[in-house]
Structures are given as C-alpha cells and as structure tokens.
Amino acid sequence: MQFEVWAPQTDRVTLMCDGATRAMERDPERAGWWIGEAEAHEGSRYGFALGDGPVLPDPRSRRQPDGPDGLSAVVDHARYEWRTPWPGRPLPGAVLYELHVGTYTPQGTLDAAAERLDHLAELGVTHVELMPLCPFPGRHGWGYEGVSLWAVHEPYGGPEALKRFVDRAHELGLGVVLDVVHNHFGPSGNHLPAFGPYLTDTHHTPWGAAVNLDAPGSDEVRAYLVGSALAWLRDFHLDGLRLDAVHALIDTRAYHFLEELTEAVDALAGESGRPLFLIAESDLNDPRLITPREEHGLGLRAQWNDDFHHALHTALTGESQGYYADFARAPFAALAKTLGGGYFHDGTYSSFRGRSHGRPLDRSRTAAHRLLGYSQTHDQVGNRAQGDRLSAALSPGLLACAATLVLTAPFTPMLFMGEEWGASTPWQFFTDHTDPELAEAVRRGRRREFAAHGWAEEDVPDPQDPATRDRSCLDWAEREREPHARVLAWYRQLIALRHTHPDLTDPDLADTKAAYDEDARWLAFRRGDVRVAVNLGREAAAIPLGTRPARILAAWEPVEGPDGRGVLHLPGESSVVLEQA
C-alpha cells in the first residue's frame, strides 16, 4: 500500500506501519510531498516521524482509534456495503434539525442516535444537521475543537458508525448534513504545524494564528481543506456541509477559498448525480456569500440568518443585552423587516459593533430558502451562562408562537434538538480536555466571561464536570408528558402544513408582507394565500387580516376566523395559520 504525506519543512520522513519502519522518498512530481510503500490492511496502525521527531498521526488520517495523539489507522471505505440507494435531497423545501451526537441520547453514540431517527421522520424534518464529528481530546465536547479533519471521533463510533447512521437516515428519507470547522484547529492534539505551514501569523482570529489560506504554502492547505470536505460528501454519502464561522476564513487571494470549495462541491455533485450543498455560518450579512458564482458571488447554497433569530428572540423574551440591543428597540419592526428582507442589518448602524453593518439582499434575485431561520441553535442556547433553552422562560403558548414563526417564515427552517417538545433539559458548555492546564484555563475563562455580566462563579457550570454534559442530554420520556406532548403535536402539524402548502415554500422574499403592533405585541404576515398571526401578548388581540374569506389551517388555541370586518380576535400567547380563498 502506498502512503503519502505533505511535509515541506523537513529533510527526512520515516513511515511506521504496524511496528515496521522505512524511509520515505520525496515525490518527484509534487514539491514537499513524500511517498512510501508498506504492507498494510484495514485497521493497520501507522504514522510519520519527521526528522528525528516522534511518530505523529497522518494529517489526512481516516481514523484515530486512540484519539488525536495516537497512531492513525488504515480505512478502506470501499469495504462498506451501502444498503440504501439514495438520489439525494436538495435544500429547497427542506426542514433541518441540528443534532449533537454526544447528548442526543445518554449513550452519546452515532448508533444510539440512529435508533432515534424514526422520531425525526415522523416529525417531518427532511435533513439532520450533525454537529462536528472530527476527533477531539477526551470523550465529550461540542466538537468545535476538533483535529484530524478526515476522521470521525472514535467515542461516537468511528467511521463505520457514521456510515450506518447515514444509511439509516437515507432509509427513512432523511438527508444528512455535517458541520465542519475550517477556520481553526483544536488547541490539543493538533500536530499539523509540525508538517507544514497550515497556520499563518499574517492574520489573526479569536483562536490565534489564522488557517493559512493566502500566505506561502497555502495552495496545499486549501487542497487539504477542500479534500476533507469532498471526502465527507463522497465517502460517507453526506448531502451537505455546514461551514462554521466563515467570516473567520481570512483570504486575500483573488480566487477566494469559499469559491474554490463551492466549485469543487458542485463538480462532485455532477459526478455523483446527487444534489450537494454548502451552508455557511456568517455574521457579515454579505449577500455575495449566497450569490451564484456565475453572478460573481461565492456560490454557497445558503447561510444561517442570525438577524431573524435575534429579532424573534427579543420579541419573545424582551432581552436587550449585547447584540440584541438594536433589535430590542422595536422587536416587532425588526421581525417584520427580516421576514420581508432577510437581513435586519443591511447597511444600518450596529451599536454592538459601533459601525454600519451589512448590505441589502436583492430580493428579486435571492431565493428565500438561501437563508436559514431558527429560534434556537447550539450557539444561542449553549453560549448562555446556564445553557437555558427558551422553554426555561417561556410559556408553552409562546413556544408555539416561536415555532409558528420559524416554520411558516420564508426561510429554510432549522430546529435545535429537543425544541420540538419544549425540552426542559439545558444544553450547556461542556468539555473533556485531557490536558489539566488547558482544562483549568477553559474553566476559568468561562467563569470570567460571565462574571463580567454579573454571574456568580458558582452559578456557571464547570465545563469539565461530567455532570454538565449529563444534564445536557435529552430526556426522551418528556415527549409523552404535558405540556411537551402538545408542543410536539404542534410542531408536527406546522411541518406538515409546510410540506403540503406551496405558498409556505415560495422562494419569493418580496411576496412576504408583514404588519404588527409593538404595544399590543402581535404580528401578522402573508405568504401567497396563507396568513399567519401570532400574539405574544397576554391579552387577546384584534388583528386586521382583510375581508377575504379564510379558513383555519392550524390554531394553538380555539379561535374563530376573521369577523365580517376582517378582524381576527386572537387569544393571548397563541398563533394561527389561515388560508384565504
């Protein structure tokens, strides 16, 4: 078997495979690459020694059985026999579900999660969005400090378990999306700098030196990241990738890394005959991200829309700290603006940033499904001091209103695991760092961060305490109890409506028209012949909807249709979806 590795900074590379060593030779056709032959089979352990240094895992390792610092293992992806023929499932018309493998079940494995996929099929979602799966130190963590970008975290079950998960999802008609992190590498178990200039001091990010996308040696670093992305889509039959914090991908080259990546993914989609897509997380509010390449954009299929979340969150909770401040001044106006225009900050002044921010979307050219809408995500829940969900502060009626706005809005809806039944369990920040100094630094940093906002140290969960992760696991028995069962039934009803009423998946942003009353705390909007009304106030609201006859498609509380004057009398903390003739 031939082994290869890019290591331009050394004059000698030794291959160690199953205990035997042999010198590698420079590849005469590729600068900085080394090649070597060795007897190997599925599961063979191997690594590379640079000069007189220790044996290190392969940067392109497909498996790390003993964690990020251990030897790599050979994986033959062709050995797996896929059970489910899968034509793919595109993004338009989708309903996504963000899932963290380590807390979706108490077992915290891909196999255990696969056993719960029938719940998602019955719910009506179309795609599961898995949080990052790359290896990281310890057993439990969020996954954003991963290394070995081609491998699956072994405590989750390794590469074979991911294939079984995807096979089961496809069998149920569910697509699978994976969250990948290209903007930094984890602080522990990261051996890439020993091999080459994967990082650069030319730019800096919140995690330190930036991933090298434009400095000397960046051609190979970009190829490494593109190759990793294609491997997930090809070898594991995934349907798409979510790209973490692309605003931290600093690239000054004329051919931007994201454009290069979207071009490669589109080419793979053409070869495989399956629709494949990339979704960006970005706080830039820059329409070029989701503008097609042929229109001089970067060509991503969609992006998370935090502006919609922030407007919705402030309307629901009244919170106004930090980046919520601009939205909280008039939350219903902010919500109406995002429903019809996508971004709230589209060139407006951001007090949080101290400058103007964003750029308007061209509503005539940008399909609504290119923006993801949500009321909760791992970030928006887990980055709170105690990881409290909306269910910790809101009534079941307000949770139903949040669901109504997410699932009838023009955007591609995304749910965060457990929200569909108003889960009472928190989702907290937890780690399992094996380096004591790093563990203590994370613990102190977390508490220091929230102390600045008035939290006592003892009230901020210890990320390293196993109980913090355990508290974050879903309690599946809740689904059968009230009020959770009623909330779950409401989510199912709304998702079914979205699938059966074309107006709810109409990609025309400009067709969404909203009206609201800040004082009375109601908002109504139309999408084609569908009318949606939510009342976040405690008292009943009189909402003018027009005099056209309307029938009720779904209502959280019993309600009559609009009266002869076209006024809907909607009970407090409730919502309704209607269709006008």
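Me: Is strand E20 mostly covered or mostly open?
Reply: Mostly covered: 5 of its 5 residues are buried. Buried means under 20% relative accessible area with a 1.4 Å probe, protein chains only. Strands here are DSSP E runs of at least two residues, and helices are H or I runs of at least four, numbered from the N terminus.

Me: What kind of model is this?
Reply: This is a predicted model, where local features need pLDDT of at least 70, side-chain atom pairs count only at pLDDT 80 or more, and totals for chains, interfaces and linings use all residues. Residues are numbered from 1 along each chain as its sequence is written, and side-chain values use heavy atoms, leaving out hydrogens and water.

Me: Which way do the E20 residues point?
Reply: Thr412, Met414 and Phe416 point one way, Pro413 and Leu415 the other.

Me: How many bridges join E9 to E20?
Reply: There are 3, and the two strands run parallel. Strands pair if DSSP finds at least two bridges between them. Tyrosine 97 has leucine 415 in E20 as its bridge partner.

Me: And E19 with E20, how many bridges there?
Reply: E19 (residues 371–373) pairs with E20 in the parallel sense over 2 bridges. Leucine 372 stands opposite threonine 412.

Me: New topic. What covers the buried residues of H15?
Reply: The cover includes E20, helix H3 and helix H12. Among the buried residues of H15 are Trp490, Tyr491 and Arg498.

Me: What is the strand order in the open sheet of 5 strands?
Reply: E21-E22-E23-E27-E25, with antiparallel pairing. The edge strands are E21 and E25, each pairing on one side only.

Definitions and conventions. Buried < 20%, exposed > 50% of the residue type's maximum accessible area, 1.4 Å probe, protein only. Contact = heavy atoms within 4.5 Å.
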